[in-house]
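Here are my notes on the model you sent. They cover the sheets and the charged pairs.

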Amino acid sequence: MIKINKEYPFKPKTNKDLMSGQFWAIPLSSGNYACGRVIEIPSKKGIGSRTMFLAGLMDWQGSLPPVAEDLIGCRTLYQGAAGIITIHKTGLEGKISGYRPLELDGISPDYLRSQQFGGMLMKGLNELRPITKEEESKYEVYSTWGYTVIKNLVENFFVMKK
């Protein structure tokens with residue numbers, strides 16, 4: 001059974017406080033808001049296993065912080081590994097704003113390719129198998145985002161979209 005923190009907003013301390021589908025408001029320089037989303041939490045122990053998660057930048061922007069209903073039918077523009085501090089640095093008051101199940105919008109971790117040449121095909125944070133030569137050009141490279149990368153991505157994306 002999945003435990004949903006019903007007391008939103010809240011400031012997560014570790015990724016154990018997170019679950020797939022939670023989202024946070026990202027204040028933009030324009031005065032509008034974008035939305036980050038928790039896509040996946042690591043299932044293995046290791047480096048970053050308490051602080052990292054797969055984040056998604058949603059194809060959404062609004063004049064008010066997002067609520068679950070705003071995300072109906074939205075997709076992710078980008079996905080990348082992020083640290084919990086990403087939420088603290090880019091989120092409105094550094095907090096998770098709410099929750100909407102990813103399945104309702106057909107969102108799942110993207111297929112990615114590992115950073116090394118001839119590496120692995122990944123689905124989100126999980127390595128699946130060695131990547132084929134044909135797949136190397138088909139998928140985006142798995143990336144680990146710095147704390148403000150998601151905000152920089154959205155500022156650049158929506159500026160270019162105009």
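1. Over how many bridges do strand E1 and E5 pair, and in which sense? E1 (residues 22–27) and E5 pair over two bridges, in the antiparallel sense. Strands here are DSSP runs of at least two residues, labelled E and numbered from the N terminus. Within this pairing, Phe23 has Gly98 of E5 as its bridge partner.

2. Ground rules before going further. This is a predicted model: local features need pLDDT of at least 70, side-chain atom pairs count only at pLDDT 80 or more, and totals for chains, interfaces and linings use all residues. Residues are numbered from 1 along each chain as its sequence is written, and side-chain values use heavy atoms, with hydrogens and water left out.

3. Now the five-stranded sheet. It is open, with antiparallel pairing and the order E4-E3-E2-E1-E5. E4 and E5 (98–99) are the edge strands, and each pairs on one side only.

4. Five of its six residues are buried, so E1 is largely enclosed by the rest of the structure. Buried means under 20% relative accessible area, exposed means over 50%, and partly exposed lies in between (1.4 Å probe, protein chains only).

5. E1 also pairs with strand E2 (residues 33–40). That pairing is antiparallel and runs over five bridges. Ala25 stands opposite Cys35 in E2. The hairpin of E1 and E2 has five residues between the strands. In this hairpin, Gly31 takes a positive phi near 95 degrees.

6. Next, the three-stranded sheet. It is open and antiparallel, in the order E6-E7-E8. E6 (111–113) and E8 (126–130) stand at the edges with a single partner strand each, so one side of each has no neighbour in the sheet. On average, neighbouring strands of this sheet are turned by 35 degrees against each other, direction ignored. Axes are lines fitted to C-alpha atoms, and angles between N-to-C directions run from 0 to 180 degrees.

7. E6 and E7 in detail. E7 covers residues 120–123, and the two strands pair in the antiparallel sense over three bridges. Tyr111 has Lys123 of E7 as its bridge partner.

8. On to the charged pairs. The rule for a salt bridge is a side-chain nitrogen of Lys or Arg within 4 Å of a carboxyl oxygen of Asp or Glu. The count by this rule is four. One of them joins Arg75 and Asp59, with the closest N and O atoms 3.9 Å apart. This pair links distant parts of the chain, 16 residues apart. Arg75 sits in the loop between E3 (52–62) and E4 (76–83), while Asp59 lies in E3. Arg75 is partly exposed at 48% relative accessibility. Asp59 is partly exposed too, at 23%.

9. Which residue forms a salt bridge with Glu93? The partner is Lys95, with the closest N and O atoms 3.7 Å apart. Glu93 counts as exposed at 60% relative accessibility, whereas Lys95 is partly exposed at 25%.

10. Is Glu135 buried or exposed? Glu135 counts as buried, at 12% relative accessibility. Its side chain meets that of Arg129 in a salt bridge of 2.6 Å, N to O. Arg129 counts as partly exposed at 34%.

Methods
Helices (H or I, at least four residues) and strands (E, at least two) are DSSP runs, numbered from the N terminus. Two strands pair if DSSP finds at least two bridges between them.
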